Amino acid sequence: MSDSSPLPPVRLRPEAELARDALATPLLSRAARLARWAGPDTRVDADGDLVEGQLPAAAEALGLGGDGGDETARAAEAAEAAEDAEDAERLVDEAWQVAVNTGLVTVTDEEQGTVEAGDALRLLTSGSPHDVLDVWLGALETVLAEASMPDPGDMDALSEEADEDGEIDPSSFDWDPEAEAAFLDGVLGNLYLFTVDEDGPGEGPVPLPALAASMIVPDGMGEPTNDMLEQISEALMRLDDQFRLLEPVGLVEFRPVDEELLTETDEGESSGATAGGAGGAAEVDEADVSRYGMVRLTPLGLYGLRIRLLEAGFEAPVVGELADKGADALLDGTAGFPPNAALAETGQWLARREPLAAARELLSAARGTDAGGPLRRLHCQQALSLVGQAAEPALREVLDDAELGGLARVWLAERGAADVPAPPESMVFWLTIDTVAAQLAAEGNSSELRELVEGLAAGHSGFFEAAWRVEHPATAEVLEAMGRLHPDKRVAKEARKAAFKARSQRGE
């Protein structure tokens, strides 16, 4: 994923709603409970981890074991959160690590190992929604770092090879922490794209094999090779572990790989290979693909990933951020938006303005002979289609404008307005060139543009002889595109000749 062009715009829920979601996430809520539990008798080691003797009391505070209190409620929560003491200890460790890393807990004396509640704990109860989300983002970073670490069994092996200072040299093992983090970032970036792309599943789940394949199979490639299928299998199982870690922090909703697929299928053959062979989603029956894992970004996760993408230098627009800006920012800003997102952004912009004033502002911003002018006028025309009859005076005011008179007549004619003067031929051809230039900028060589080109050439026998004379900055470019797109070789040759004349006229 390149950061050289904007990502598709995302629609986010209000911060107050997202903050409520953050407070309800299992991991952050457990971390907050531990922060409230921590007191003068709480002790941590040199790494800031709870000393072993504190773990039972911490588990008790989370309702994960111990005697006393409401045993029925505690047992119900324990059954849901952890099946045994080892799982309870893991949940305590994860929550405590988040509490320390986010400032919910502060180490007051490293030598004595004493702690106290941190400033971040106050933010969870009396801070703004933005404050709460900042704390949650800290929790997310903690979990992402954990998800990039090797499996616990591998960590045990690594720890045995630590030096005298307890440091581990990753280069000694088949584990590159930077590469692991980059791979997970890439996966999450692709999941973000799948979610915000208008041609993607939107808020629906993404099959885990498809997500794994998106990191391994090059774009445009047909059938993946056997080596790629093996890589997909390995990536799928790694992602299964990672998304299990990321679900409690509220980033995703996750359906893990069906454990039956992980059992031995034949003597000496594990289901890891079976999952890999089915890693190409096309090979799996649609009813069965969910058995290989399904993942969906939550609204909170969408917010979190956008923040991380912005911090990484990506341009990640959000629908609604142009609503308070001028019409020039709206028309230029939505130039790269997909249709539905552009419509939503424009609707929010118009909702904050009086219709007639909005129409006048849009028309004024649409003028210009620069390269972006045609696309601005196309977006202006689309925006004006959302404005009611109250905008009519603004359209009549520009009927004699060389750049806007054509689109004004189209708007008025579509609404059955009376007394609309016929446009001069020069205005008709100027609007035609402008429209094709806008479509080129918006869609490139699309099938819709090809149909438009064929219709223009067929509907006017002398089109090219008149078109090359049009004093529009994009005339030559449009005629060259028509020569490239038209299927009839004779017509295409006429278009190229006309493009040459247009360039000669401009002294190019």
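## Salt bridges

Glutamate 392 and arginine 396 are four residues apart in helix 18, and therefore about one helical turn separates them (helices, of type H or I with at least four residues, and strands, of type E with at least two, are DSSP runs numbered from the N terminus). These two residues form a salt bridge in which the closest N and O atoms are 2.9 Å apart, a salt bridge being a side-chain nitrogen of Lys or Arg within 4 Å of a carboxyl oxygen of Asp or Glu. Arginine 396 counts as partly exposed, at 29% relative accessibility, where buried means under 20% relative accessible area, exposed means over 50%, and partly exposed lies in between (1.4 Å probe, protein chains only). The model is a predicted one, in which local features need pLDDT of at least 70 and side-chain atom pairs count only at pLDDT 80 or more, while totals for chains, interfaces and linings use all residues. Residues are numbered from 1 along each chain as its sequence is written, and side-chain values use heavy atoms, with hydrogens and water left out.

The structure holds 25 salt bridges. One of them joins arginine 306 to glutamate 321, with the closest N and O atoms 3.7 Å apart; arginine 306 lies in helix 13 (residues 299-311) and glutamate 321 in the loop between helix 13 and helix 14 (327-333), so the pair ties together parts that are 15 residues apart in sequence. Arginine 306 counts as buried at 11% relative accessibility, whereas glutamate 321, at 36%, counts as partly exposed. The side chains of arginine 377 and glutamate 403 also meet in a salt bridge, at 3.4 Å from N to O. This pair links distant parts of the chain, 26 residues apart, with arginine 377 in helix 17 (residues 373-384) and glutamate 403 in the loop between helix 18 and helix 19. Arginine 377 counts as buried at 2% relative accessibility, and glutamate 403 counts as buried at 17%. Elsewhere, Asp87, Arg90 and Glu94 are linked in a network of salt bridges.

## A negative patch

Asp45, Asp47, Asp49, Glu52, Glu86, Glu89 and Asp93 form a negative surface patch. Patches are made of residues with over 30% relative accessible area and no salt bridge, like charges being joined within 9 Å and nonpolar side chains (Val, Leu, Ile, Met, Phe, Trp, Tyr) within 5 Å. In the assignment of charge, Lys and Arg count as positive and Asp and Glu as negative, while His and the chain ends are not counted; the place of a charge is taken as NZ of Lys, CZ of Arg, CG of Asp or CD of Glu. The accessible areas come from the Shrake-Rupley method with a 1.4 Å probe, and for residues only the protein chains shown count as cover.

## Aromatic pairs

Rings of Phe, Tyr and Trp (its six-membered ring) pair if their centres lie within 6.5 Å, and planes under 30 degrees apart count as stacked, over 60 as edge-to-face and the rest as tilted. By this rule there are four aromatic pairs. For phenylalanine 243 and phenylalanine 254, the ring centres are 5.6 Å apart and the planes stand at 40°, so the pair is tilted. Phenylalanine 243 lies in helix 11 (residues 226-246) and phenylalanine 254 in strand 4 (residues 252-255), so the pair ties together parts that are 11 residues apart in sequence. Both phenylalanine 243 and phenylalanine 254 are buried. Phe429, Phe463 and Phe464 form one aromatic cluster.

## Loops and contacts across the sequence

Aspartate 400 lies in the loop between helix 18 (392-396) and helix 19 (405-414) and is exposed, with a relative accessible area of 76%. The C-alpha atoms of aspartate 400 and proline 424 are separated by 10.0 Å, the two residues being 24 residues apart along the chain. Aspartate 419, in the loop between helix 19 and helix 20 (425-443), has a positive phi of about 60° although it is not a glycine, and it counts as exposed at 72% relative accessibility.

Proline 6, in the segment before helix 1 (15-24), is partly exposed with a relative accessible area of 48%. Proline 6 and phenylalanine 337 are 331 residues apart in sequence but 9.1 Å apart in space, C-alpha to C-alpha. Alanine 502, found in helix 24 (residues 489-505), counts as buried at 3% relative accessibility; alanine 502 and glutamate 477 are 25 residues apart in sequence and 9.2 Å apart in space, C-alpha to C-alpha.
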